[in-house]
Amino acid sequence: MPKSLTPRLAALNEEILGYAREFGLDFFETIFEVVTYDEMNMVASYGGFPNRYPHWRWGMEYEQLSKGYEYGLSKIYELVINNDPCYAYLLESNADVDQKLVMAHVYGHCDFFKNNFSFRHTNRRMIDEMANHATRVRRWIDKIGVEKVEDFIDRTLSLENLIDQHAPHIRRNPDPRRAEDEAKANERVEGFKVNREYMRGFINPSEFLESQRKKVEDEKQRSKKFPERPQRDVLYFLLENAPLEPWEADILSILRDEAYYFAPQGQTKIMNEGWASYWHSTIMTRRALKDDEIIDYADRHSGTMGTRPGTLNPYKLGIELWRDIEDRWNKGRFGKEWDECDDLRARGSWDKKLGAGREKIFEVRKHYNDITFIDTFLTAEFAIEQKLFVYGFNDKRNSWEILDREFRKVKAKLLQGLTNFGQPIIEVVDGNFENRSELLLAHKHDGQDLKGDYARETLRNLQSLWRRPVNIVTRYDGKGVMLRYDGQNHSEKKVDL
Amino acid sequence: MSLKIHQDHSRFKAIVRGKIKANLRKYVQKGEMLGKKGKDAISIPIPFIDIPRFKYGHKEQGGVGQGDGEVGQSLGPGQPQPGDGHGHAGQGEGDHALEVDVTLDELAQILGEELQLPNIERRHNEKIVTQKIKYTGINTTGPESLRHFKRTFKQALKRQIATGTYDPKKPVIIPTREDRRYRSYKLQDLPETNAVIIYMMDVSGSMGDEQKEIVRIESFWLDTWLRHQYKGLESRYIIHDAVAREVDRETFFHTRESGGTMISSAYKLCRDIIAADYPKSAWNIYPFHFSDGDNWSADDTRQCIEMLKNDVLPNVNQFAYGQVESPYGSGQFIKDLREAVGDQSNVALSEIADKDAIYNSIKDFLGKGR
């Protein structure tokens, strides 16, 4: 059972909280709970929400985390939930210096959650909402049976990434205007105005009314392009248009809500981890560290910042970028004059003593996400200093290798990996494809092919929701292909793009 | 918040179990997965338990990394994964095929369910349990006798460096009470061995690598099942061509001789081993013999059957003979055995044509529940 803070931890928290406020961090109330490593693994398995709906994959996650811990490969130090109040977990067995580090790190995250624009629309009562979701799923399990519900969840999870990452709101109800239009259309088939009731049958014979009604119906069908524009939020489209049972629709909407809740965390991973790391490092080294804690702190901090070849550590890249921005704005290394200066010596000793760094990073943490953050602030000097490179797979030598260190390519690759959260962009193009109620999706190809076996398996899951054949247009090896699954067989054919 | 994960965890394990069950026939034939993970558990790759998505092929993707190295330099073995060693809400996409650890015990259970193997009726139920100390970790308290000196001094060194009292010129380290570290331990029950398998194999020229591979895989499953049933198990290994000798497990599977075949020599040695080390009253005894069915002479075969009837069968839970098909063997021996002792309740005979047949052969051997 999680415990509230011991007097000792409460005192440490009081201290760290004071420093965080002193530095100007601004966060929701933050509640720490003390857990054992086993509880920590559990909470982490549920994505931070111990009251989440039941599903086997949390068990799988737990198995992997527990194993990682037992083998000494990984240990979760820190876990915090975007909620108001924020919830964060402390590992019972940690030493004081670790607890302080984690608290400082957590306040960084909480400040980011509260202030970064990407989180403006997230549900700050998600803890309650998740519990509510769990209740609903459990109710369906009692009614429908665990096998069926879990199987449906499995299939829906397969589509979980097909949301519109940039939609600011989740739409939950159909467009009210459309309902209005339909009501109007139905009115019109009343026929001509009749003053005397006994004349009605002559002026508006039933065949005439019927043909009028049909005409209106046809017109409506024709005008209703379906969907009117390509739709990125495939889950919403299914929710609206797939022939789902009420329980299926309910579960689909639950999974969609959760996907939208987690989306901003994916969009700001580098910024957010960097920000939290920047603050734990600032608070610890400037204020909180005692002499005899320095070695352990350094060990922990460098462990978090370590990079291995072929990986990008968001903590490391993030903290370095924040520091770089702060430094540049302190020294005035930005703007027209700086950009146009190509005298290396002048650039090297450039310091206008502006001291605007702190202010600048607080501003940046408000208005950017990973893409705009990298796009705006990642400079060539930075890329060299941080030894960034592009890697890729060399088929001939069957190994991953360093391909390039050229700044433009590094930046382009980085941005590509962040676009749409590193996921392919897929839209619903037609819900009545070939006029046979088939579903047609399109993959906006950006140079990377889809993983073929996964794509086919996903189509199969999609078909089971749509009930009619499903198709997706994509490219393989530069050629247009339409993959199709009709409920029994997979097929593909060439298409011109 | 109790650990409600256990429900989801056991659900996951049930799914994995189902997958293993469904693929058991395939696993049974596969030698290479066996023994990969030490003696208690093995790793089994589970196909497609991660959730399929529309996503990029991993090799297509590549990415940006950080660190030293020339362009063109290989990043070393293993796939680069964007990982950070920290758990974080909403992260963690399963990108790799799942490898699950299954304990041999559980595997045996699955095998038993799938092959509908009856539990063995033990002849001797007495279990002598001993206890063993297992060291599990490091603690800040404990008895002085369990003090971990290295850890203690390391801790003291750390403290002295941090507080500035460490002098490299005079490296004296004095641990204080807080520096002391102790080993922590748990007591484990160890059941005493009360069953023995005596493996015998023909290693004459006609038994090729393929035949031995079959014996090796099959004996793994026999071991696994019997260990599941008995919790403690001894194994002895006898190889023979014209003469028999006892060897260790390694030699057993890797010896190849070219001489003729006298099966009686093996049975004689088996008889002697039982007589010397395994009194019938305290041991459950399982001789397993594998050959390609060729024997030197009808006379020798007669001798074998005599010995089986008089010395071996009365003393053992079950005698099993597995005949592995080889292009050179006549395959006569199993026919002789079938005629002579085939109707005895503690005899199991099995013909194993190829790897595919191992699955059913296991059932031949273990299906009697002896």
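1. Strand E4 of chain A (residues 388-394) pairs with strand E2 of chain B (63-66) in the antiparallel sense, over 4 bridges. Strands here are DSSP runs (E) of at least two residues and helices are DSSP runs (H or I) of at least four residues, both numbered from the N terminus; two strands pair if DSSP finds at least two bridges between them. Within this pairing, A:Phe389 stands opposite B:Gly65 of E2(B). In a regular strand the side chains alternate between the two faces of the sheet.

2. The model is predicted: local features need pLDDT of at least 70 and side-chain atom pairs count only at pLDDT 80 or more, whereas totals for chains, interfaces and linings use all residues. Residues are numbered from 1 along each chain as its sequence is written, chains are lettered from A and ligands numbered from 1 in the order in which they are written, and side-chain values use heavy atoms, with hydrogens and water left out.

3. Concerning the extent of the interface, 64 residues of chain B are in contact (heavy atoms within 4.5 Å) with 102 residues of chain A. The two chains bury about 7400 Å² between them, 58% of it on carbon and sulfur atoms; buried area is the accessible area (1.4 Å probe) that two parts lose on being put together, summed over both.

4. Between chain B and chain A there are 5 salt bridges, a salt bridge being a side-chain nitrogen of Lys or Arg within 4 Å of a carboxyl oxygen of Asp or Glu. B:Asp68 forms a salt bridge with A:Lys387, and their closest N and O atoms are 2.8 Å apart. On the side of chain B that touches chain A, the elements giving two or more residues are helices H1 (5-22), H3 (58-61) and H5 (149-163) and strands E2 (63-66) and E3 (98-103). H1(B) supplies the largest share of that side, 8 residues.

5. Elsewhere in chain B, strands E7 (residues 234-240) and E8 (residues 244-247) run antiparallel and are joined by 4 bridges. E7(B) and E8(B) form a hairpin with 3 residues between them, and B:Ile239 stands opposite B:Arg245 in E8(B).

6. Over all chains, the whole structure contains 51 salt bridges. In chain A, A:Asp111 forms a salt bridge with A:Arg365, the closest N and O atoms being 2.7 Å apart. This pair links distant parts of the chain, 254 residues apart: A:Asp111 lies in helix H4 (residues 96-115) and A:Arg365 in helix H17 (residues 357-367).
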